[in-house]
2 protein chains.
Amino acid sequence: MDARTYRARRQELRRNVPHGAILFLGLDEAPRNYAANVYPFRQDSHFLYYAGISQPDVALLLTPDGAEIFFGPAADLDTIVWSGPLPSPAETAARAGVDHARDISQLPTAVADLRRSGAPILYLPPYRAAIAQKLAGLLGRPANEIAAGASLDLARAVARQRSVKSGEEVAEIEAALDVSAAMFRAARAAVRPGRVEAEIAGAMQAVALAQDCPQAFLPIVTVRGEVLHNNSYHRVMQAGDLLLIDYGAESRGGYSADITRVIPVAGRFDERQRAIYQVVLDAQLAVIAAASPRVTNRDLHFIAARKIAAGLKEIGLMRGDLEEAVQAGAHALFFPHGIGHMLGLDTHDIEDLGDIVGYPEGEARSTQFGLGFLRLARRLEPGFVVTDEPGVYFNPPLLDLWETEKRHAEFINYSAARQYLGFGGVRIEDDLLITADGCRVLGPGIPKAPAEIER
Amino acid sequence: MDARTYRARRQELRRNVPHGAILFLGLDEAPRNYAANVYPFRQDSHFLYYAGISQPDVALLLTPDGAEIFFGPAADLDTIVWSGPLPSPAETAARAGVDHARDISQLPTAVADLRRSGAPILYLPPYRAAIAQKLAGLLGRPANEIAAGASLDLARAVARQRSVKSGEEVAEIEAALDVSAAMFRAARAAVRPGRVEAEIAGAMQAVALAQDCPQAFLPIVTVRGEVLHNNSYHRVMQAGDLLLIDYGAESRGGYSADITRVIPVAGRFDERQRAIYQVVLDAQLAVIAAASPRVTNRDLHFIAARKIAAGLKEIGLMRGDLEEAVQAGAHALFFPHGIGHMLGLDTHDIEDLGDIVGYPEGEARSTQFGLGFLRLARRLEPGFVVTDEPGVYFNPPLLDLWETEKRHAEFINYSAARQYLGFGGVRIEDDLLITADGCRVLGPGIPKAPAEIER
């Protein structure tokens, strides 16, 4: 995106937050097992949104009088030898449409001057301790008071602005989805009985890396899909297993895809797998049919929950009055998570700012098991990008616990459910752009009908 | 490794540091772009060495009276649904030979009790801000005083102990080298003109991941090898380029390999490439021939520097009295880094503890350009594992700078050197185990003679 885009975004932010100085700190390199051994660098998403600068040790200061100042590092001899030449702070600033540039070493003085002037300095709550510590030093406050001192006004304005995606942003997400589609093809080609999950994870990662794209999050590549965020890859795949892959490439611009597919290791679904798969697919398609600015994401969650409950009743796993069952949360034994979340520069977009992103002011998350994991409950708006990811799982310890407690026994056929232990889980996920009157499934179309997935 | 190994290591540490309590904190998940989106978890290497427990949110406390207490998380319902069941703290502790186990929530009370008893609480300097912040909370000190309060006695004892590798540790490094050898084969098979560096990086990563091994550090896969830590992968490889790969798999136990090879993109070295390659190879082999407990690693650095200077004189790039040239640091225009470093659980092993690892007490690093980057200068001992990684590079901005300053002009033929701009760099790296009377090159043997590398 070009300098005008970033400048316009900052101007809009300024209109919405007219008071005080606004300070954005870029992220630093994140140490793995010692300071010099770092994880792949990823810039803070707010910094990418307002300046597009993907480089450690930078800051952006919007002063109360409307000036914009970029702070960045200059390359010394050691940097040139070890990391290569760097553009000057002024060159970098110009690419983001920022008029003023200074060396990062001058940031403390600039902040100290502002503090002396009495201007409030607004910042977002940091999610890395290193940034909290840096803010503590700059602002002269203890590190453990930094989170509480973050600006809610600023957070609300940023969340509102980033929630609605421009055409350029949607194109970035679709670029990530193109790579993700190729990753699916690589996965499906590599799946067979006797192979280790890690081989599939490796084949998928190779496709992303070859495009010089990172993965947006640690991929899930597992035959134990009932553990929702299972990040181990050591299991040998058996012919009766379902391999669940939940993954997404990240575009060059930092935008995330988020896709889940289930591949039968044997190449074809067996009858039981096909039936559960169809229940999930029906729920996923019902959400696509219903998604629009006329509904909330909580509505979509319940549309999926009802479809799942109805499907499971047909199979004999649930019973009784389904509306009562869903209101009571009985379906959460099988579908224990939310229907989806916002997607953008972050996979859980803007999640660092908390529930102001997903919940209207004054509305708290449910404490009910399952529904409490719904990250986005608010009314959808044109330009929102959200995930649609229902699932059905058979989690042995969860089933044991509920059965022991006889929880929702009027709605759940526990003896039937026990027959499914070892089944794993099915989740199907696409990324939806909310339009004026409905939604559009983003990306090139990644196989999801059973016949398309089977070899 | 089994519980006895860890227990014996802790007992040896206790003998060397008999006073005070010793507190090891494991690492936490490291957030990427928001708290829940984390980098692949890697445990702190000291924690792996003394307990072998690779799990976030754990601590190990060795009390002054000789008790050992492990603190770890218990799995609640949400954990079971999202991350799967966890062993109890007691089960985990037993695998490390630790007698006592408590829930991690009890750590603050345990530390507070110790503080009240007046016992000093020894800890290592943290390299992650999150750990500094956690220590600050536990010890009731400001976060910015935590580094200064770390125990030098403890650091020295740990560094001494970890520097000498056991047979089990060497086997882990060789396991990492086996995977790394397969990664080399994948790289060589994938290199060809017109491909992007990222495709090679992806092919290598797929091999490591398929073995369920992470890479120990961000790999260097570049035709611009003159930038020593070049971590970009976007360049299209041309027939005249040399692809430099510096990478290493990490074993299941957390041990690192560290290998550098250079592959001619055309499939064969041209005459100029072959000559420079031979200079580096001669230096690398001279270090293998000389490495033993009779020498310091600084000696090895100078053996390599002299070989490189002699080779470059023959080619016409250096001139004059070579011993003077090397003492003055003139060779550092072409060989600007150190000959190598310790290798173990960390790629730069134990580097988090600073120069107490690589330099004898009272001996400071040189301030000379090049020699100042030598991480290990001390006398070698049987059981040390070190890297042997000389190189020759043609770095345009560095050459410009030195030539403008006429630096070491009596030793450097600048006009000849200018002919090599665009050449890139050559580095050849193996991992050496120091034995009683020499050294052994670890691993299965990864091609390094020109004829073995060429297709």
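Which residues in α8(B) meet which residues in α9(B)? This is a predicted model, in which local features need pLDDT of at least 70, side-chain atom pairs count only at pLDDT 80 or more, and totals for chains, interfaces and linings use all residues. Residues are numbered from 1 along each chain as its sequence is written, chains are lettered from A in the order in which they are written, and side-chain values use heavy atoms, without hydrogens or water.

From α8(B) come B:Val179, B:Ala182, B:Met183, B:Ala186, B:Ala187 and B:Ala190; from α9(B) come B:Ile200, B:Ala203, B:Met204, B:Val207 and B:Ala208. Contact means heavy atoms within 4.5 Å. By class, this contact has 11 nonpolar, no polar and no charged residues. Ala, Val, Leu, Ile, Met, Phe, Trp, Tyr, Cys and Pro count as nonpolar, Asp, Glu, Lys and Arg as charged, and the others, Gly among them, as polar.

Now the geometry. Helix α8 (residues 167-190) and helix α9 (residues 197-210) of chain B pack at about 150°, with axes 8 Å apart. That makes α8(B) roughly antiparallel to α9(B) (under 35 degrees is roughly parallel, over 145 roughly antiparallel, 65 to 115 roughly perpendicular, the rest oblique). Their crossing is right-handed.

The axes of α1 (residues 3-16) and α7 (residues 152-163) of chain B come within 10 Å and cross at roughly 135°. That makes α1(B) oblique to α7(B). This crossing is right-handed. B:Arg9, B:Glu12, B:Leu13 and B:Asn16 in α1(B) meet B:Leu154, B:Ala157, B:Val158, B:Arg160 and B:Gln161 in α7(B). By class, the contact has four nonpolar, two polar and three charged residues.

Turn to chain A. A:Arg224 lies in the loop between β8 (220-222) and β9 (242-247). A polar atom of the A:Arg224 side chain is 3.0 Å from the backbone oxygen of A:Gly422. Leaving aside neighbours within four places in sequence, A:Arg224 is in contact with A:Glu197, A:Asn230, A:Arg235, A:Gly422, A:Phe423 and A:Gly424.

How do the chains relate? A rotation of 180° with 0.0 Å of shift along its axis superposes chain B on chain A, at RMSD 0.0 Å. That is the relation of a two-fold axis. The same surface serves both copies: 100% of the contact residues of chain B recur in chain A.

Key: Axes fitted to C-alpha atoms, helices over the stretch in contact; angles between N-to-C directions. Helix = DSSP H or I, 4+ residues; strand = E, 2+ residues; numbered from the N terminus. Left-handed = near helix turned anticlockwise from the far one by under 90°. Polar contact = N/O pair within 3.5 Å; in protein donor to acceptor, adjacent residues only side chain to side chain. Least-squares fit on C-alpha atoms with pLDDT ≥ 70 in both.
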